[in-house]
Amino acid sequence: MNVISDETIEYVGILAKLELSGEEKEQAKKDMGRMLDYIDQLGELDTDGVEPMSHVFKVHNVFREDVVVNGDGREDTLANAPERSGDSFVVPPTFDM
Amino acid sequence: MKKEILQYTALELAAKIKAGEVTAPEALEAVLAQIEEKEKEYHCYVTVDAEGARARAKEVQAQIEAGTLTGPFAGVPVAIKDNMNTQGILTTCSSKILGNFIPTFSAEAVKKLEEAGAVLIGKTNMDEFAMGSTTETSAYGVTKNPWNTAHVPGGSSGGSAAAVAADECFFALGSDTGGSIRQPASFCGVVGMKPTYGTVSRYGLIAYGSSLDQIGPLCKNVSDCAAVLEVIAGHDPKDSTSVEVENTRYTESLVDDVKGLKIGIPRDYFGEGLDPQVKDAVLQAAQVLRAKGAIVEEFDLSLVKYAIPCYYTIAAAEASSNLERFDGIKYGYRTKDYEGLHPMYKKSRSEGFGAEVKRRIMLGSFVLSSGYYDAYYLKALKVKALIKKAFDEAFAKYDVILGPVAPTTAPELGKSLADPIQMYLGDIYTISVNLAGLPGISVPCGKDEKGLPIGLQLIGDCFKEHTLIRAAYTYEQARGEFGTP
């Protein structure tokens, strides 16, 4: 049985960029433990020598000329900004002056 | 007149409009009146753009009369799942985090439908970010099953399936990552098809599990489904996983003939957990195809139970990565009070996402984290390879695999979310199809004692949509009218 520690939930929260309340954390520990118990079934299968399959079909790099095909969508794009200043997105300070 | 118009299939309506017997604005008004009457009860839509649709219907009618618009769906009203971008129309993914998002471009599939003359009515409700099987995780309320409003419509494309069943549109687009088109189609008594991965461009589809996501139609019958797929399929340079498919003239395969077609029934799809009424209806459908000349055999597919843990590992991993873009900077929800960049990210996301989405992002972040990557994520990718191999072996012997879509008919509202793993088990017959990239179609094949629809699932090998459509069409012809709620 998988028991998820407070440290693990804290760490996963950082990776996931989520801030969980105390109650949510307890629930998340339970949910993740149960889900991992369930996923552990995969261990019953012998996968030695099996190539991991990320894509069903052979994928290859797709190249094209770097030509601009879309028009100037600046105003429509900025209209979606939670906060804007003129033609810029307003963001919180990202480093200390 | 209104009720008469609503009974037409999408292709029938298109023919009537072409012949000048019905106009595009008349068809639209019939649908808008139906929405007005039914929507309070069913809640299929997040957004109805009546004004935009009226302007578009008028424009389309003028083009039809001028002879400049001859597309296969000229004047036919369509509903789009709310995870596909629609230029200038609110696109929420049924999430609070996209509660005010107005896309600056339309998804390629939507654009193709508009070029074919379809009139976009609005955006349908869904599970938040397509994560769920009931449409109950939507931030904008639940959708009810038009056959019985105490039950869910299925999910995640529940709004699209319910809207088709309730005549609140003539057809709809959905997306299918683990069964999200086929299962709600089954629960709502409509036809839903998930094409082979890469057949329909994902450009403008808000990503959940990119290696599994595929857009497809939900329709009143198989003919409409084939015609819609014919319009939306095709290579798109804007989607790097888009495939050049040789023959996308799917309506050519609307042929009533399965003589000599080899159909395999996986024994492992008929074991424990399958409702006996669903089992009987699906096996009855197999008999119908046998009577039409198909060779029907049972076989062992193997690995069936491993598909669910494999899928949830991969889908959660991809979701955790895809949903990183929702950061409250360029669009979507931003929290009110914050100090600094990282607390802003975390608070915006925590307030903007619902419980099921957070659960999958957390799981996905965990299985991708160093120390667990090999044991979980890589292991799942290896199991995926084994599952694909099992299907390859099956398709060496059979043209089509036949089984149920879901183990039960639509559950009652409010009964599924409390136990996530139990809910995930309902995906057992649909998710392996996504893992292997295969096409699958759900066709109504019966009703249970409560009158809730049961779906038959037909699965084909990659790019064998033509075979699938022929088998589904032949069954539908033999079955006759299924009826409406």
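In strand 11 of chain B, B:Ile459 is the bridge partner of B:Ile401. That pair belongs to the link between strand 9 and strand 11 (residues 453-460) of chain B, two antiparallel strands joined by 5 bridges. Helices and strands here are DSSP runs numbered from the N terminus, with at least four residues of H or I for a helix and at least two of E for a strand; two strands pair if DSSP finds at least two bridges between them. The model is a predicted one, in which local features need pLDDT of at least 70 and side-chain atom pairs count only at pLDDT 80 or more, while totals for chains, interfaces and linings use all residues. Residues are numbered from 1 along each chain as its sequence is written, and chains are lettered from A and ligands numbered from 1 in the order in which they are written.

Strand 9 (residues 400-404) of chain B is mostly covered, with 5 of its 5 residues buried. Buried means that 20 or more other C-beta atoms lie within 10 Å of a residue's own, exposed means 12 or fewer, and partly exposed is in between, with C-beta atoms placed from the backbone. Strand 9 of chain B also pairs with strand 7 (residues 262-266) of chain B, this time in the parallel sense and over 2 bridges; there, B:Val400 is the bridge partner of B:Ile263. Strand 7 of chain B runs parallel to strand 8 of chain B as well, through 5 bridges, and B:Pro266 has B:Phe299 as its bridge partner in strand 8.

Zooming out, these strands are part of an open sheet of 11 strands in chain B, in the order 1-3-2-4-6-5-10-11-9-7-8 and with mixed pairing. Strand 1 (45-48) and strand 8 (295-299) of chain B each have a single partner strand, so they stand at the edges and one side of each is left without a neighbour in the sheet. From one strand to the next, the twist averages 30 degrees. Helix 13 (residues 373-397) of chain B lies across strand 7, strand 8 and strand 9 of chain B, at about 140 degrees to strand 7. For such angles, axes are lines fitted to C-alpha atoms (for helices, over the stretch in contact), and values run from 0 to 180 degrees between N-to-C directions.

Next comes the core. The largest nonpolar core has 168 residues, and B:Val78, B:Val119 and B:Val164 touch the most other members. Such a core is a set of buried Ala, Val, Leu, Ile, Met, Phe, Trp, Tyr and Cys residues joined through C-beta atoms within 7 Å. Its largest share, 10 residues, comes from helix 10 (residues 307-322) of chain B. Leaving aside residues up to four places away in sequence, B:Val78 touches a set that includes B:Leu113, B:Val119, B:Ile121 and B:Phe170; a contact requires C-beta atoms, placed from the backbone, within 7 Å. B:Leu28, in helix 3 (residues 24-42) of chain B, also touches B:Val119, along with B:Ala53, B:Arg54, B:Ala57 and B:Pro77, again not counting residues up to four places away. B:Leu28 counts as buried because 24 other C-beta atoms lie within 10 Å.

As for the two chains together, 42 residues of chain A are in contact with 53 residues of chain B. On the chain A side, helix 2 (22-39) is one of the helices that each supply at least two residues, and helix 2 of chain A gives the most, with 7 residues. By class, that side has 26 nonpolar, 8 polar and 8 charged residues. In this scheme Ala, Val, Leu, Ile, Met, Phe, Trp, Tyr, Cys and Pro are nonpolar, Asp, Glu, Lys and Arg are charged, and the others, Gly among them, are polar.

Helix 1 (residues 6-16) of chain A has A:Val12, A:Gly13 and A:Ala16 buried. They cover an arc of only 105 degrees around the axis, which puts them on the same side of helix 1 of chain A; the arc is that of the directions from the helix axis to the C-beta atoms. Exposed A:Glu7 and A:Glu10 sit on the face turned away from that buried side. Helix 10 and helix 12 (355-368) of chain B are among what covers the buried residues.

A few backbone details stand out in chain B. Most residues other than glycine have a negative phi, and most peptide bonds are trans. B:Cys93 has a positive phi of about 60 degrees, and B:Gly155 and B:Ser156 are joined by a cis peptide bond with omega of about 10 degrees.
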